[in-house]
Structure formats: structure tokens, C-alpha cells
Amino acid sequence: MKGLLVKDLKLILQNKTMLAVLVMIEAVFLVMQGADGMAFVMAYMMMGYSMLALSTVMLDEHDKSMAFLMAMPVSRKDYALEKYALTFLCMLAGCLVAFLPYCLLQPEKIDEILTVGMGIAPVLVVIQMVALPAQIKFGGERGRIVLVCIFAVVVLVMAASEKIGKRYGGQPWLQDLAKGISDGIRGMGMAGILGISAAVCAACFWISFMVSKRIMEKKEF
């Protein structure tokens, strides 16, 4: 698996244009919005870097190298597991690239930055755990279409939630529910929130990995 990881990291590093664009976008938002753009920048960088990991599946399919890879001393399970390891590494790299400039420029807001990061990371992990099996299953152009559909659904759900919140936000029962949820989250403390987030991410990873492994076992090259 180490050899696959090295191969994919080298493929990602060759995509210097995309890496430069991601950093430039972060710099623009950092200059224009400061701490106000922190949530968007962290989400964008983590998602952008993890998309680079997903693109390696497409590159393997495009170069017709899957048959060659499967002839190497690498199992199909190893291939699937390596893609998950690469995705998590890329998300971590994106988080650090977004996190460090804010910490250096606004060290007094480190607690706020950490809170934003802990809120965003589990959501992005869940999205990636859905996207990765889809990319392994379909690959190439069909994989891109599936990914676009996944992100379109996410955007639609967020937009619908915002509209529902604006329309019914004034309802007493909804305000009481929101207050109850907020109080419950605060009552758990940082350790409780981290524990629940880690448990959700671990469950999503396990389900997603088992699906991807099954897809790889059935694939013909």
C-alpha cells in the first residue's frame, strides 16, 4: 500500500496548477474578508484537496493502469484502503493550509478557528465517504457526473434548509427546538462533541470502505 500512496502523492504534486489556484483563492479571501471568510476557506480548502485525491482514481482509469496495478503484489482491498488514506491525508493538508495562516494572523481567535474546523470536518468527511465509492464504482466521465450530482444534492439541501429556517424560524416551537439542541451541544462540552464527531466519521468510514472493497472485488480489468 505504501507504493500506491507514494504514486498517488506524486501524481497530485504534478498538478501544480490546481494546488496554486487553491492557495491563491485562500489568499484572496484572507485579504478581502479576514476572519469572516474563515468557514468558507476551511471548507473550500479541505474539499479542494480531497478532490485531488479523488482525481487519482480517474487517472488510474484513464491511463489503463488498473490491470497493471492489480498484477502487482497489491490486493484490491489494499487499493481501496489506500484511496481512503490518501483522502484523509489530503483533507488534513487542506485543513492545515487553511488553518495556519489564520492562527498566525489572528492568534487570539484560535478557539473560534478550532470550533469552525470541528464543525466543518465531519460534514466534509461524510460527503467524501459517499463520493469515494461512487468514484471507484464509475470512474472517468460517469464518476464526474455522479460527483456533480452528489454536490448538487448537498447544495440543494443547504439551500432548502436556509429557506425553511427563514420561513419558519419565527415559530416558537422551532425556536425552542433550536435552543434545546444548542443547549445540549454546549452541555456535552468540547470532549463530547469531539467524541460524537469521531464516532460518526468512523462509522461512515467503515460503511464506505466496505462498499468500496466490495466494488473492487467485483470489478473486472
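**Exercise 1. The nonpolar surface patch**

Task: Determine which residues make the nonpolar surface patch of about 390 Å² in this predicted model, and classify Ile 207 as buried or exposed.

Solution. Step 1: The patch is made by Trp 206, Ile 207, Met 210 and Val 211. Step 2: Ile 207 is placed in helix H8. Step 3: The relative accessible area of Ile 207 is 54%. The cut-off for an exposed residue is over 50%, and Ile 207 is therefore exposed. Step 4: For the protein as a whole, the exposed surface comes to about 13,000 Å², of which carbon and sulfur atoms supply 71%.

**Exercise 2. The overall fold**

Task: State how many helices and strands the protein has, and what share of its contacts with a separation of 6 or more joins residues 24 or more positions apart.

Solution. Step 1: There are eight helices and zero strands. Step 2: Along the sequence this reads as α-α-α-α-α-α-α-α. Step 3: Among contacts with a separation of 6 or more, 80% are between residues 24 or more positions apart. Step 4: The protein has 221 residues, and 34% of them count as buried.

**Exercise 3. The largest nonpolar core**

Task: Identify the residues that touch the most other members of the largest nonpolar core, and the elements that give two or more residues to this core.

Solution. Step 1: The core holds 46 residues, and those touching the most other members are Met 42, Tyr 79, Ile 113, Leu 124 and Met 216. Step 2: Two or more residues come from each of helix H1 (2-14), helix H2 (16-33), helix H3 (38-62), helix H4 (66-71), helix H5 (76-105), helix H6 (110-138) and helix H8 (172-218). Step 3: As general background, nonpolar side chains tend to be buried together in soluble globular proteins. Step 4: With residues up to four places away in sequence left out, Leu 124 touches Ala 43, Met 46, Met 47 and Met 91.

**Exercise 4. The surroundings of Met 91**

Task: Decide whether Met 91 is buried or exposed, and find which residues it touches beyond four places away in sequence.

Solution. Step 1: Met 91 belongs to helix H5. Step 2: Its relative accessible area is 3%. Buried means under 20%, so Met 91 is buried. Step 3: Beyond four places away in sequence, Met 91 touches Met 46, Ser 50, Ala 121, Leu 124, Val 125 and Gln 128. Step 4: One of these residues, Ser 50, is 41 residues from Met 91 along the chain, yet their C-alpha atoms are separated by 5.2 Å.

**Exercise 5. Aromatic pairs of Tyr 84**

Task: Classify the geometry of the pair formed by Tyr 84 and Phe 205, and then that of Tyr 84 and Phe 209.

Solution. Step 1: The count of aromatic pairs comes to four. Step 2: The ring centres of Tyr 84 and Phe 205 lie 5.6 Å apart with planes at 80°, so this pair is edge-to-face. Step 3: Tyr 84 in helix H5 and Phe 205 in helix H8 are 121 residues apart, and the pair links these distant parts of the chain. Step 4: Tyr 84 is buried at a relative accessible area of 0%, whereas Phe 205, at 23%, counts as partly exposed. Step 5: Tyr 84 and Phe 209 also form an edge-to-face pair, with 5.8 Å centre to centre and 85° between the planes. Step 6: Because Tyr 84 lies in helix H5 and Phe 209 in helix H8, this pair ties together parts that are 125 residues apart in sequence. Step 7: Both Tyr 84 and Phe 209 are buried. Step 8: Tyr 84, Phe 88, Phe 205 and Phe 209 form one aromatic cluster.

How values were computed:
Residues numbered from 1 in each chain as written. Predicted model: local features only at pLDDT ≥ 70, side-chain atom pairs only at ≥ 80, totals over all residues. Heavy atoms only, no water. Helix = DSSP H or I, 4+ residues; strand = E, 2+ residues; numbered from the N terminus. Buried < 20%, exposed > 50% of the residue type's maximum accessible area, 1.4 Å probe, protein only. Contact = heavy atoms within 4.5 Å. Areas by Shrake-Rupley, 256 points an atom, 1.4 Å probe, with all protein chains shown as cover. Core = buried A, V, L, I, M, F, W, Y, C linked by side-chain atoms within 4.5 Å. Patch = residues over 30% accessible without salt bridge, like charges linked within 9 Å, V, L, I, M, F, W, Y side chains within 5 Å. Salt bridge = Lys/Arg side-chain N within 4 Å of Asp/Glu carboxyl O. Phe/Tyr/Trp six-rings, centres within 6.5 Å; stacked < 30°, edge-to-face > 60°.
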